[in-house]
Amino acid sequence: MFARLKFTVAALALTAGAAAAQQTDITIGMQLEPPNLDPTGGAAAAIDEVVYANLFEGLTRYTSDGSIAPALAESWDISEDGTEYTFHLRDGVTFHDGSTMDAEDVKFSLDRARAEDSTNAQKALFAGIENVEVVDPLTVKVTLSGPNSAFPTNMAWGDAVIVAPESIDSAATAPVGTGPFMFSNWVQGDRVELIAYDGYWGEKPALTAATFKFISDPTAAFAAMMAGDIDAFPGYPAPETLVQFEADPRFKLLIGSTEGETILGMNNKSEALSDPKVRAAIAHAINRQEIIDGAMFGYGTPIGTHFAPHNPDYVDLTGLSDYDPEKSKALLAEAGQEGLTLSLKLPPPSYARRGGEIIAAQLRAVGIETQIENLEWAQWLEQVFKGKDFDLTIVSHTEPMDINIYARPDYYFQYGKPEFIELMDALNLATDAAERSEILKNAQTMIAEDYVNGYLFQLARTGVANANIEGLWENSPTQANDLTGVSWSQ
């Protein structure tokens with residue numbers, strides 16, 4: 001009897017201990033599966049959503065409030081003329097294969113990104129680099145062709161992470177980085193698995209394992225969250241059901257802002273859209289609030305230019321492209337466009353697919369027909385982003401402070417106005433805050449007045465998570481699901 005009692009007490013103690021043990025793994029839901037896992041060789045935001053700060057690191061990094069912090073570079077010096085940045089690297093950093101990360105890897109990464117044959121989606125970030133010099137194993141000097149006060153910010157982008165020549169060839173499917181988590185497994189069409197890296201140079205994360213589960217269907221995402229198959233869905237694709245999670249104490253909502261300017265992208269070099277009157281007509285045919293309500297269930301902030309409303313330098317230019325269907329019809333008549341039909345190629349996100357149907361109806365009301373084609377991300381990247389084979393598209397540009405893409409003549413919407421390029425050159429040289437602010441305001445106004453694209457709304461961060469999870473970002477200053485500070489409460 002006594003022996004049985006001791007056994008029972010011991011069993012109860014073990015059970016209580018197991019119940020109290022803190023969970024150290026997490027399953028994160030994502031609507032889109034990345035086409036590969038190399039952020040230096042792909043444009044899809046889903047790549048960074050898996051690997052940024054988790055698996056790969058750059059010289060600098062974004063934090064949750066949008067500020068720039070040291071990462072693999074613990075500090076840096078800037079020459080008086082602003083053209084030389086000397087980065088002092090952290091000692092004792094290793095890649096996940098155990099090899100040392102040093103100045104040679106930094107030089108390799110930057111030289112590779114700026115090379116003539118570079119496939120980096122943000123190659124312009126590195127265009128001003130004139131030379132990368134290894135001073136010693138822990139010191140790198142980067143010489144720029146001209147002053148660029150945004151250079152530390154450029155180095156925080158996911159496209160600027162540090163990679164090694166020994167492992168870069170397999171980065172697309174078996175990436176090797178320096179972050180707190182390392183690649184474990186990728187079941188294509190289903191999930192990517194990461195595990196904690198024991199040799200990490202910095203503070204160890206509370207989590208020991210993370211699974212990124214890909215669920216494209218909004219109804220399936222809702223079911224997976226409700227069933228507990230997913231612990232958190234930071235970019236939750238079914239905002240119409242958020243009210244149900246809000247009423248359930250098992251969950252909490254993560255509602256914030258993103259850097260995602262959602263636009264009706266227009267091919268400025270297509271026959272009809274090369275006429276600014278036609279682009280203006282399209283802009284005035286759009287009812288932004290109807291799109292926000294219909295596609296995003298009220299989540300989103302109207303924008304009139306390619307700039308985030310939460311940025312202190314934002315200018316509200318929505319009035320330049322206010323909803324005015326009669327004005328739209330008049331502009332089409334002036335342009336001699338009657339019976340116009342345009343292609344509308346839509347990537348997978350629900351904001352694009354749902355928003356596309358609404359915009360098609362709005363354009364039809366002013367006499368413009370659209371031929372909708374739903375594309376998978378790989379198709380969209382090939383046809384629209386690279387091939388420029390489209391008239392209209394809908395996409396959210398989630399990269400931070402990316403108004404400089406309008407200075408690239410070969411970018412997919414093909415603007416590249418010389419006067420705008422001059423503005424961006426001036427911005428790179430400017431160090432005075434007031435001067436930079438004025439340039440940014442002028443840039444916003446120029447692209448709005450030229451109706452380069454149809455500016456729809458700033459994408460909201462609509463997420464849902466288990467109520468016991470702490471440390472997930474509410475806002476999204478860059479495209480990331482940063483797990484470095486995430487933990488489960490008891």
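Let's start with a word we will need: two residues are in contact when they have heavy atoms within 4.5 Å of each other. Now, some ground rules. This is a predicted model, where local features need pLDDT of at least 70 and side-chain atom pairs count only at pLDDT 80 or more, while totals for chains, interfaces and linings use all residues. Residues are numbered from 1 along each chain as its sequence is written, and side-chain values use heavy atoms, with hydrogens and water left out.

Please find Thr143 first. Not counting residues up to four places away in sequence, Thr143 touches Thr83, Glu84, Gly128, Ile129, Glu130 and Asn131. Thr143 belongs to strand β7, residues 139-144. When I say strand or helix, I mean a DSSP run, numbered from the N terminus: H or I with at least four residues for helices, E with at least two for strands. Is Thr143 buried or exposed? Its relative accessibility is 16%, so it counts as buried. The cut-offs are under 20% relative accessible area for buried, over 50% for exposed and partly exposed in between, with a 1.4 Å probe and protein chains only.

Let's zoom out to the sheet. What is the order of its strands? It is an open sheet of four strands, β4-β5-β7-β6, with antiparallel pairing. At the edges stand β4 (73-78) and β6 (129-136), and each has a single partner strand, so one side of each is left without a neighbour in the sheet. From one strand to the next, the twist averages 20 degrees. Two strands pair if DSSP finds at least two bridges between them. Here, β4 and β5 (residues 84-89) run antiparallel and are joined by five bridges; for example, Ile78 has Tyr85 in β5 as its bridge partner.

Next to look at is helix α3, residues 103-114, which packs on the sheet and touches β5, β6 and β7. Its direction makes about 170 degrees with that of β6. For such angles, axes are lines fitted to C-alpha atoms, for helices over the stretch in contact, and the angle runs from 0 to 180 degrees between N-to-C directions.

Which residues of α3 are buried? They are Ala103, Asp105, Val106, Ser109, Leu110 and Ala113. Looking down the axis of α3, you would see these buried residues fall within an arc of 160 degrees, so they line one face of the helix. That arc is taken from the directions from the helix axis to the C-beta atoms. The buried residues of α3 pack against β5, β6 and β7.

Now for a hairpin. Strands β8 (residues 181-187) and β9 (residues 191-196) run antiparallel, joined by six bridges. Trp186 has Val192 in β9 as its bridge partner. Three residues sit between the two strands, and Gly189 in the turn has a positive phi of about 85 degrees.

Two last stops. Ser350 lies in helix α10, residues 350-364, and is buried, with a relative accessible area of 11%. Beyond its neighbours within four places in sequence, Ser350 is in contact with Gln31, Pro237 and Gly355. Finally, Gly256 is in strand β12, residues 251-266. Its relative accessibility of 17% counts as buried, and its contacts, leaving aside neighbours within four places in sequence, are Ala460, Arg461, Glu474 and Asn475.
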